[in-house]
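Here's a quick briefing on a few packing and pairing features worth a look. Have the sequence and the 3D view open as you read.

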Amino acid sequence: MTDQSAKFSLGSDEADLPIYSGSIGPDVVDVTGLYKDTGLFTFDPGFSSTASCESKITYIDGDEGILLHRGYSIDELAEKGDYLETCYLLLYGELPTAREKEDFVYRVTRHTMVHEQMNRFFTGFRRDAHPMAVMVACVGALSAFYHDSTDIADPHQRMVASLRMIAKMPTIAAMAYKYHIGQPFVYPRNDLDYAENFLHMCFAVPCEPYEINPVLAKAMDRIFTLHADHEQNASTSTVRLAGSSGANPFACIAAGVACLWGPAHGGANEAALNMLMEIGTKDRIPEFIKRAKDKNDPFRLMGFGHRVYKNYDPRAKIMQKTCHEVLDELGVRDDPLLEVAMELERIALTDEYFIEKKLYPNVDFYSGITLKALGFPTAMFTVLFAVARTVGWIAQWKEMIEDPKQRIGRPRQLYTGAPQRDYLPVDGRG
Ligand code: CMC
């Protein structure tokens with residue numbers, strides 16, 4: 001915090017707006033008093049210049065392509081650590097000691113099963129339901145099954161709900177997948193690590209043993225780590241806003257899952273792969289590039305561009321490497337989809353339009369190809385993003401609830417509708 005302030009004046013009205021500094025990143029102007037002093041609201045649809053909260057969890061420098069969780073770079077966390085360690089870091093603020101890590105893994109692992117009654121909840125859905133539709137419903141339904149951890153005023157219940165969600169999201173996601181393809185649910189195995197257990201629940205069947213490939217399990221864990229949190233993005237802001245009303249954590253995370261589903265956000269990995277399939281062959285790329293540049297065509301290159309990153313998304317760099325590791329392991333180097341992806345990447349990185357607008361491949365561009373190689377159908381891609389992001393949503397929700405200054409989020413608006421007018425009975429209208 002600084003003792004600087006910005007003066008704002010409009011006619012005879014004046015406001016003295018305090019300026020606060022964070023540990024890194026741009027300072028902020030506190031406009032809380034602006035309306036009281038001048039009668040004006042600020043206007044920033046899309047929040048391009050608005051810091052919606054104070055947070056100690058994640059820092060992004062979009063120009064430099066830097067992503068830090070609690071001060072640690074995503075590159076180091078993804079290369080040297082693992083997903084549950086990152087979860088601990090996001091939730092508690094520090095990397096765990098060996099003992100703390102063992103204890104945390106134990107606590108998460110003991111919550112992996114879901115209430116048996118949830119099986120029946122699943123079977124109420126059509127088989128062809130999109131797994132994200134099933135996720136939205138089932139995550140919201142957790143508040144009905146785990147009512148003993150919905151009191152947000154109780155720190156113990158908050159932590160139990162957090163551990164439950166981190167532990168149960170993979171189970172629910174795998175159930176959504178199994179239901180979708182008509183196979184029996186596979187129960188969690190607590191002797192496996194987080195990513196191994198998830199692959200097992202998705203790909204094992206009761207009639208034969210399933211062998212976990214360590215390269216693929218490592219890739220799964222890395223995908224989870226890379227998606228664990230990303231500052232105040234649309235779904236995280238949704239979770240915070242839902243939570244600001246005092247709604248229970250399961251309901252708030254369900255709201256986050258719903259928001260993540262959109263193609264401009266978490267749905268982009270599914271949309272990116274669908275786009276690659278639609279392009280099909282390298283010779284058709286120029287046609288799609290032309291469409292992406294055409295202002296009158298709503299088409300966009302999915303998996304390119306980012307609201308915050310105006311440089312290479314640091315997660316995309318790691319994801320690209322992981323993608324190649326997985327394809328090498330599975331021997332699918334000459335996958336036509338990958339060829340289209342690589343050529344698209346090459347063209348986009350050298351084309352004036354993309355350079356000028358700073359549209360780099362984002363994490364979803366490579367995660368889609370990797371997830372396909374791992375054996376997931378496109379409809380599951382956003383579900384996996386939701387599994388990974390759960391910890392980020394929870395950490396941000398907890399931070400907000402534990403902030404003594406927390407109030408309900410209630411934005412205002414610039415009203416451009418009709419002013420007050422008289423009601424006319426129906427036979428007097430038109
Ligand atoms: N293809 C072609 N042109 C694009 C693209 C794209 N993917 N993205 C942005 N542009 C153009 C856009 O037309 C606009 O041009 P102009 O200035 O001439 O009007 C300019 O670049 C700025 O775009 P914007 O829509 O103002 O930027 P934004 O910050 O509002 O949107 C975005 C960010 C990620 C929604 C957008 O880049 C996009 O739609 N990308 C494709 C979807 C995608 O990959 N989303 C995943 C984001 S990363 C994962 C996550 O955070 O969930």
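**Aromatic pairs**

There are 21 aromatic pairs in this structure, which is a predicted model.

- Y194 and F224 pair up edge-to-face, with 5.7 Å centre to centre and 80 degrees between the planes.
- This pair ties together distant parts of the chain: Y194 sits in helix 8 (residues 194-203) and F224 in helix 9 (residues 214-226), 30 residues apart.

**Helix 10 against helix 18**

- Helix 10 (residues 234-244) and helix 18 (residues 381-401) have axes that come within 9 Å and cross at roughly 40 degrees.
- Angles under 35 degrees would count as roughly parallel, so at roughly 40 degrees helix 10 and helix 18 are oblique to each other.
- As for handedness, the crossing of helix 10 and helix 18 is right-handed.
- On the helix 10 side, the contact is made by S235, T236, V239, R240, G243 and S244; helix 18 brings R389, W393, Q396, W397, E399, M400 and I401.
- Sorted by type, the residues of this helix 10 and helix 18 contact come out as 5 nonpolar, 5 polar and 3 charged.

- An open sheet is built from 3 strands in the order 1-2-3, with antiparallel pairing.
- Strand 1 (5-10) and strand 3 (28-29) are the edge strands, each pairing on one side only.
- Strand 2 (residues 13-20) pairs with strand 3 in the antiparallel sense over 2 bridges.
- To find your way around strand 3, look for V29, which has I19 standing opposite.

Key. Residues are numbered from 1 along each chain as its sequence is written. This is a predicted model: local features need pLDDT of at least 70, side-chain atom pairs count only at pLDDT 80 or more; totals for chains, interfaces and linings use all residues. Side-chain values use heavy atoms; hydrogens and water are left out. Axes are lines fitted to C-alpha atoms, for helices over the stretch in contact, and angles run from 0 to 180 degrees between N-to-C directions. Helices (H or I, at least four residues) and strands (E, at least two) are DSSP runs, numbered from the N terminus. Angles under 35 degrees count as roughly parallel, over 145 as roughly antiparallel, 65 to 115 as roughly perpendicular and the rest as oblique. A crossing is left-handed if the near helix is turned anticlockwise from the far one by less than a right angle, and right-handed if clockwise. Contact means heavy atoms within 4.5 Å. Ala, Val, Leu, Ile, Met, Phe, Trp, Tyr, Cys and Pro count as nonpolar, Asp, Glu, Lys and Arg as charged, and the others, Gly among them, as polar. Two strands pair if DSSP finds at least two bridges between them. Rings of Phe, Tyr and Trp (its six-membered ring) pair if their centres lie within 6.5 Å; planes under 30 degrees apart count as stacked, over 60 as edge-to-face and the rest as tilted.
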